[in-house]
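Here are some review notes for you to read beside the coordinates. Please check each point against the model as you go.

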Amino acid sequence: MRVLIIGGSGRTGQLVIDVLLQRNHSVTALVRDPSKMSTKTGLQTVAGTPTKQEDMRAVFSTSRPEVVIVTLSAPRATDSPFAAVVSPPRLMADSVANVVTITKEFQNPKIVIMQAFGVAESWANMGCVMQLLMKKSNVIYQYNDHNLVTEETKKSGENYVFVRPNRLVEGDALKVKEWANDGKGVPMLGTISRGSVAKFLVDAAESSTWDRTAPVITN
Ligand SMILES: NC(=O)c1ccc[n+]([C@@H]2O[C@H](COP(=O)([O-])OP(=O)(O)OC[C@H]3O[C@@H](n4cnc5c(N)ncnc54)[C@H](OP(=O)(O)O)[C@@H]3O)[C@@H](O)[C@H]2O)c1
């Protein structure tokens, strides 16, 4: 498969690239700074910014993706939930809106997007302690951006999978437990390794099993 990854320089994005290459897919990564990326057989790195429509069109023209995987994050100054927001408010929404617009000019590839437990219909089952933490910290800005992506992508009619991991921990791929789109029953302190998320994103890219769904995943 020809796969375009947006956010491939990130912690999860790099693991996704490795899984894709292990499975012999042809991978193109659109990244702001290609010098951050290691050279790998089967990986083409293209310099560009996902919020710029002309950069998105250029990378689609050269790579002709059958699937697009998005592992962007709207960053804060540090990983602390209270750290200052250093991202434009619609970083992910504008980037995915560009994917959707350009997708319609090409072969309508499927879009697989990494989100988080608590986004959209899974908010109600997060538990009030976590909801309060989100609302009182700067994590809410990231959730607002993910919520816009959800709403706008669904409205576009494109084929999508929203993958919603619970709290991320570093580690290799382990057995994944899948929950319904609303995340009912997900344990508050549940975690998932980045390796597991990377593998699940690639599984969702390869198979139609999760098309137009938003599974919440934990280990
Ligand atoms: N932390 C958790 O417990 C948790 C739990 C569930 C889900 N998630 C979700 O996981 C997702 C990915 O997280 P991660 O930790 O893998 O991300 P990460 O390592 O912080 O990587 C973020 C990616 O976004 C890109 N990016 C950031 N700002 C950008 C901008 N202004 N323009 C263009 N690209 C930009 C980065 O590119 P550069 O390298 O160019 O900066 C990088 O490729 C997030 O959406 C998050 O909501 C997190």
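**Notes on the predicted model**

1. R212 is partly exposed, at a relative accessible area of 45%. The bands are these: buried means under 20% relative accessible area, exposed means over 50%, and partly exposed is in between (1.4 Å probe, protein chains only). R212 sits in the loop between α6 and β10 (216-218). Helices (H or I, at least four residues) and strands (E, at least two) are DSSP runs, numbered from the N terminus. The phi of R212 is positive, about 55°, although R212 is not a glycine.

2. Ground rules. This is a predicted model, where local features need pLDDT of at least 70 and side-chain atom pairs count only at pLDDT 80 or more, while totals for chains, interfaces and linings use all residues. Residues are numbered from 1 along each chain as its sequence is written, and side-chain values use heavy atoms, with hydrogens and water left out.

3. A120 has a phi of about 50° and is not a glycine. A120 lies in the loop between β5 and α4. With a relative accessible area of 29%, A120 is partly exposed. For background, most residues other than glycine have a negative phi.

4. Which residues of β5 point which way? K110, V112 and M114 point one way, I111 and I113 the other way, and all are buried. Strand β5 (residues 110-114) is largely enclosed by the rest of the structure, because 5 of its 5 residues are buried.

5. Now the neighbours of β5. Strand β4 (residues 67-70) pairs with β5 in the parallel sense, over 4 bridges. Pairing requires that DSSP finds at least two bridges between two strands. V68 has I111 as its bridge partner in β5. Strand β6 (residues 160-165) also pairs with β5 in the parallel sense, over 4 bridges. There, I111 stands opposite Y160 of β6.

6. β4, helix α3 (residues 91-103) and β5 form a right-handed β-α-β unit. Right-handed means that, with the strands pointing away from the viewer, the path from the first strand over the helix to the second runs clockwise.

7. Salt bridges: the structure holds 14. The criterion is a side-chain nitrogen of Lys or Arg within 4 Å of a carboxyl oxygen of Asp or Glu. One of them joins D203 and R23, at 2.8 Å from N to O. This pair links distant parts of the chain, 180 residues apart: D203 is in helix α6 (residues 194-206), and R23 is in the loop between α1 (11-22) and β2 (26-31). D203 is buried at 19% relative accessible area. R23 is partly exposed at 27%.

8. R23 has another partner. R23 and E206 form a salt bridge, with the closest N and O atoms 2.7 Å apart. R23 is in the loop between α1 and β2 and E206 is in helix α6, so the pair ties together parts 183 residues apart in sequence. E206 is partly exposed, at 37% relative accessible area.

9. Next, E121 and R164. Their side chains meet in a salt bridge (2.9 Å, N to O). E121 lies in the loop between β5 and α4 and R164 in strand β6, so the pair ties together parts that are 43 residues apart in sequence. Is each partner buried or partly exposed? E121 is partly exposed at 31% relative accessible area. R164 is buried, at 0%. Elsewhere, salt bridges with shared partners join R23, K199, D203 and E206 into one network.

10. V31 belongs to strand β2. Its relative accessibility is 2%, so V31 counts as buried. The C-alpha atoms of V31 and I5 are separated by 8.9 Å, and the two residues are 26 apart along the chain.

11. Finally, the record. An unreviewed UniProt entry carries the annotation "domain: NAD(P)-binding" over residues 7-206. Such annotations may be inferred rather than shown by experiment; positions follow the numbering used here, and feature names are shortened. Over residues 7-206 the chain is 38% helix and 18% strand, with the end C-alpha atoms 19 Å apart.
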